[in-house]
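Please brief me on this structure. Keep it short and group the points by topic.

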Amino acid sequence: MSTNAQNFPAQLPIPIDPRTPVRADGSRGKTGLATALHPMRGVTSDVPKVGLTDICLSYRTETGERMLALDHINLQVKAGEFLCIVGPSGCGKSTLLHLIAGLHHQTSGEVLIDGHQVEGPGTDRILIFQELGLFPWLTVGDNVQFGMKMKGISKAEREEKTRYYLRLVHLSQFKDSYTHQLSGGMRQRVALARALATEPDVLLMDEPFAALDAQTRDLLHDELERIWAETGRTIIFVTHNVREAIRLGDRVALMTFRPGRVKREFPVDLPRPRTLEDPTVARAAGEILGELREEINRSLEVEYNVGAKPNVEVGAER
Amino acid sequence: MKRAARLIVFYAGLFGLWTLLAQLKIWPPYLFPTPWGVGEALYAGFQDHSFLIAIAVSMRRVLIGYAISVVLGMILGLGVGSSKFLEETVGGLLVSLQSLPSICWWPLALLWFGLSQNAILFVVIMGSLLSVTLAMEDGRKQMPKIYGMAGRNLGASGLQLFWYVLLPASLPFIVSGLKQGWAFAWRSLITAEMLYLSLGLGQVLMMGRDLNDMSAVIAVMILIIAIGYVVDGVVFKSMESRLQRRWGLTSST
């Protein structure tokens, strides 16, 4: 059986093996790190909000080969924590979110929410899809209250909460618009409001800002951080942009390319609010980038099926 | 404007040709009526209410039959569209059944339901059910998967998921199928009514033949075309364009 330890490079910072026991103060066995990356903050409870233990996922390709997409993923996320997952495309980070959301099922291992096994979709954890999946036949307001309607919440309460969440994402005056009438950034905020309106404990976000222009993304980073602080939700945020991960996360987990493993976890203890341009953010990103680059090179190698290793620049603003 | 002008010229030409042929009296008037003969038949038909009654009876039948086949077709189509096994078995059967003209069900319908309304309804349903089912199945497949996932993610399941997500999400993809189903239902109805004389436009048409009243026959044919065209062009067109506006599929927005 392969272990995460095999992937750990010799140099500092020392990786956090998820299986090392959590100390009473919440930090793990080997996390006394220097640089911008600091030990994690204390946990409030022994049971993590989201616990992934030995998640494996394999599937059969069209040619009949068995593909191992996720290989013994172990991750613990505390209540109220903002975890970012970075990795090259095709490393299975989106798939991992789908598993947590209960939309797919892992081959082996357990997804635990508050210590209880996930059996299927549930409104305690809402996934914001990369392509959003807003319902074009509904108005913005009806999109936002969809989850509440499914739960059987009364119309009056739905209306009130819809107003609240639309105000939270600054879209109050677009309640009666259809989603195609909105810009990309606005649609993104509708998706956020729709997810928040079902009042989930855990918000799963799959590269939500990848298709946006830089200005809109900066703005949404600020808003997401504000909403996270206001609502106290646990957020698992998948991105391929390392700086974005450092900008937003309490912790960044780096995944390997095929099979997807958690290569390392980096606690981020920079003061908030941060910006993408902060030198401290850039410095912290630099360390992760080095390792991510290896993975991306590996993924490119597989994709082009050649021996040459193009040294790509990742995480740079486009 | 140009298009309107072309249409006017075309229909004026057609009308002129018809008048000319009728005036030349190559065929006797009871075989080839004049345009005003047909006009008079139309007028007379509406005057003695026989056309109005026929239209009402036919519309009632086609609406009931069509409604039943839409409901059944949606359930069937969704079922076939969501299961590989059903798609291979039932789906294949449905495609092969579609090559059967709906009136072929008439003898069967007579034996099962007797000479009654229900026999006509059965033929209408068999005529449109298949195309609605196939359209629904196709719509289910064409519909982006993300909507179903988003719906489940937000807590919808079972009937809720079908009614609030899968059905509206597949509507743009099944409108053309619903339209085709309507056309089949309408044709099947008229055919069945011609075989079974119990009011309705089909019967009036046959009555014209029995009375050697070609003007009345053509008048009813015009009515049948007009009703089919109005439903297709007004009801379905507006439904289509409303859907497209809502979904943002038109280029104007």
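**Briefing: a tryptophan, a helix and a contact**

A:Trp137 is found in the loop between S6 and H2 of chain A. Helices (H or I, at least four residues) and strands (E, at least two) are DSSP runs, numbered from the N terminus. This is a predicted model: local features need pLDDT of at least 70, side-chain atom pairs count only at pLDDT 80 or more, and totals for chains, interfaces and linings use all residues. Residues are numbered from 1 along each chain as its sequence is written, while chains are lettered from A and ligands numbered from 1 in the order in which they are written.

**A:Trp137**

- A:Trp137 is partly exposed, because 19 other C-beta atoms lie within 10 Å.
- A residue is buried if 20 or more other C-beta atoms lie within 10 Å of its own, exposed if 12 or fewer, and partly exposed in between; C-beta atoms are placed from the backbone.
- Setting aside neighbours within four places in sequence, A:Trp137 is in contact with B:Pro168, B:Arg246 and B:Trp247.
- Two residues are in contact if their C-beta atoms, placed from the backbone, lie within 7 Å.
- From C-alpha to C-alpha, A:Trp137 and A:His180 are 9.8 Å apart in space, and they are 43 residues apart in sequence.

**Where chain A touches chain B**

- The contact takes 20 residues from chain A and 15 residues from chain B.
- On the side of chain A that touches chain B, S6 and H3 of chain A are the elements that give two or more residues.
- H3(A) gives the largest share of that side, four residues.
- The residues of that side of chain A divide into 12 nonpolar, six polar and two charged.
- Ala, Val, Leu, Ile, Met, Phe, Trp, Tyr, Cys and Pro count as nonpolar, Asp, Glu, Lys and Arg as charged, and the others, Gly among them, as polar.

**Helix H5 of chain A**

- H5 (residues 184–197) of chain A has 14 residues and reaches 20 Å from its first C-alpha to its last.
- That is close to the 20 Å expected at 1.5 Å a residue, where the expected span is 1.5 Å times one less than the number of residues.
- In H5(A), 11 of the 14 residues are buried, so the helix is largely enclosed by the rest of the structure.
- The buried residues of H5(A) pack against several elements of chain A, including strand S6 (125–128) and helix H3 (146–151).
- Just after H5(A), A:Glu199 takes a positive phi of about 50 degrees.

**Chain A as a whole**

- Chain A has eight helices and 10 strands.
- Of its 318 residues, 44% count as buried.
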